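Subject: Structure for your review

Dear colleague,

Please find the structure below, together with its sequence. My notes on what was found in it follow.

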Amino acid sequence: GRCPIVDTWWQTETGTILITPLPGAIPTKPGSATLPFFGVDAAIVDEKGHEVGANIGGKLIIRRPWPAMLRTIYGDKERYKKQYWSEFKGNYLTGDGARRDEDGYFWIVGRIDDVLNVAGHRLGTSEIESALVSHARVAEAAVVGRPDDLKGQGVVAFVTLKSGVEPSFTLKRELRDHVGAHIGAIAKPDEVRFAEALPKTRSGKIMRRLLKEIASGARITGDTTTLEDFSVLTKLRDSEE
């Protein structure tokens, strides 16, 4: 038989999948987690907690309790209340940015901290990364923001190419246009940096904090003990801008 592959949304904190299609019962859209599961009251709100309309980005919250929900942070109940329940009183703040389309389907655009504000437009870094890796020559990509006096934030893309592909100025321009065609001109990276590898933890998670510091020209600070390969940082620092 054939096994359906679906996009879902959940967190360690939620204890179970909360937004998911039901294969065979709900039409799917690649990249969308579709609709909340039975009994899950999910919504997308603006900074003031007002629910937003179709195709407007905002913060994903859960408005009612659900089975398997987290109950506290061990040894730090105050942090639990502040982190998850204080911004929109009585609502669980997921920490993820999202939007709903005209069919009510949920599209997760990334962590709130990873949502860029470019000239008044909210752009999810994961959307830009997805556009980049859809290019035939790209193996991996990570997108971060950097301060920009004109736009507020600029978009910087770190790109690892597939084996045998040579970096070039022409390819940089091609990748920028590729993102523009998929998302819109506002999402085109201001800078594309080719990298042999991206800084990752030993478990394979990209260390975006380090990329943000590199993109903004800041000195690397904070803990790097979980970094898998320290030579990656040196190569990124020395890469052509």
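A salt bridge is taken here to be a side-chain nitrogen of Lys or Arg within 4 Å of a carboxyl oxygen of Asp or Glu. By this rule the structure contains 15 salt bridges. Side chains of opposite charge can pair when their charged atoms come close.

Please note that this is a predicted model, in which local features need pLDDT of at least 70 and side-chain atom pairs count only at pLDDT 80 or more, while totals for chains, interfaces and linings use all residues. Residues are numbered from 1 along each chain as its sequence is written, and side-chain values use heavy atoms, with hydrogens and water left out.

Salt bridges

One of the salt bridges joins D96 and R111, whose closest N and O atoms are 3.0 Å apart. D96 belongs to strand β3 (residues 92-100) and R111 to strand β4 (residues 106-111), so this pair ties together parts that are 15 residues apart in sequence. Helices (H or I, at least four residues) and strands (E, at least two) are DSSP runs, numbered from the N terminus. D96 is buried, at a relative accessible area of 7%, whereas R111 is partly exposed at 40%. Here buried means under 20% relative accessible area, exposed over 50%, and partly exposed in between (1.4 Å probe, protein chains only).

A further salt bridge links D177 with K188, at 3.2 Å between the closest N and O atoms. Since D177 lies in helix α3 (residues 169-182) and K188 in the loop between α3 and β9 (191-194), the pair ties together parts that are 11 residues apart in sequence. D177 is partly exposed, with 40% relative accessibility, and K188 is partly exposed as well, with 24%.

E191 and R193 also meet through their side chains in a salt bridge, 2.6 Å from N to O. Both E191 and R193 are buried.

K59 is part of strand β2 (residues 58-62) and is buried, at 8% relative accessibility. Its side chain makes a polar contact with the side chain of E47 at 3.2 Å. A polar contact is a pair of N or O atoms within 3.5 Å; within protein, one must be able to donate a hydrogen and the other to accept it, and residues adjacent in sequence count only if both atoms are side-chain atoms.

Aromatic residues

The structure holds 6 aromatic pairs. Rings of Phe, Tyr and Trp (its six-membered ring) pair if their centres lie within 6.5 Å; planes under 30 degrees apart count as stacked, over 60 as edge-to-face and the rest as tilted. The ring centres of F37 and F38 are 5.0 Å apart with the planes at 50°, so this pair is tilted. F37 is partly exposed at 37%, and F38 is exposed at 64%.

Y80 and W85 form an edge-to-face pair, 6.4 Å centre to centre with 65° between the planes. Y80 is buried at 8% relative accessibility, while W85 is partly exposed at 21%. W66, Y80, Y84, W85 and Y92 form one aromatic cluster.

Kind regards
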